[in-house]
Amino acid sequence: QFPVDFNNTGDDLDILYFGSFSFQATTRPVLASNGTSMYWGVTRGEYRAWFQRAFDRPITELVTLSRDNVVPSLGARAAVTLSSDPINPIVFGPGPNEEFFRGNSDFSETTIISTSPSDASPYGEGIVSGRAAVSPDDQFVYYATQGGLLTQAETDALASVWTTGGAGNITIE
């Protein structure tokens, strides 16, 4: 990050090396906790968390989502979305496959759900390829699939409240 008064000379800038890793970033990093926490979607279906620690230190935790039917190195399809808590946010993100996850701020507790519409659906209909949205009161998370389904789920356990697949097609669960 460049300081506000950066004048492009490179004076007084330091480089912070993350170290040598065996992954590639597939999303932009998302910062939280006043810049002391970072969440990053990477290859192999992983989201990595540095929770309230320097980024040149090992990760706090990682979440690995399944990669069935996809290239093994495929990573997260979108950056995570955070709840409104500035210090200990709830973290939401889509997997490389038909999955969606919720984790607490240090990923010590996670919930992973399937987003496949049904067992009879063609593969790919349930892939969430964009960022989720969280309601202002942090009660609900919204995500859309490539098959055109929009879901509202409770943030605590990702239980579906409703899903709609287009005009006039809403299912209350």
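A nonpolar core is taken here as a set of buried Ala, Val, Leu, Ile, Met, Phe, Trp, Tyr and Cys residues joined through side-chain atoms within 4.5 Å. In this predicted model, the largest such core comprises 15 residues. Those with the most contacts inside it are Tyr 39, Tyr 47, Val 80, Leu 82, Val 91, Phe 101 and Phe 107. Two or more residues of this core are contributed by strand S1 (30–32) and by S3. Another core, of 10 residues, lies apart from the largest one and includes Phe 92, Ala 132, Ala 153 and Leu 158.

Across the whole structure, 7 aromatic pairs are found. The ring centres of Tyr 47 and Phe 101 are 4.9 Å apart and the planes meet at 45 degrees, so this pair is classed as tilted. Distant parts of the chain are linked by the pair, with Tyr 47 in strand S3 (residues 46–50) and Phe 101 in strand S7 (residues 99–103), 54 residues apart. Tyr 47 is buried at a relative accessible area of 1%, and Phe 101 is likewise buried, at 0%. A tilted pair is also formed by Tyr 142 and Trp 162, with 6.2 Å between centres and 50 degrees between planes. This pair connects strand S10 (residues 140–144), which holds Tyr 142, to strand S12 (residues 160–164), which holds Trp 162, over a separation of 20 residues. Tyr 142 is partly exposed, with a relative accessibility of 25%. One aromatic cluster is made up of Tyr 39, Tyr 47, Phe 101 and Phe 107.

Methods
Residues are numbered from 1 along each chain as its sequence is written. This is a predicted model: local features need pLDDT of at least 70, side-chain atom pairs count only at pLDDT 80 or more; totals for chains, interfaces and linings use all residues. Side-chain values use heavy atoms; hydrogens and water are left out. Rings of Phe, Tyr and Trp (its six-membered ring) pair if their centres lie within 6.5 Å; planes under 30 degrees apart count as stacked, over 60 as edge-to-face and the rest as tilted. Helices (H or I, at least four residues) and strands (E, at least two) are DSSP runs, numbered from the N terminus. Buried means under 20% relative accessible area, exposed over 50%, partly exposed in between (1.4 Å probe, protein chains only).
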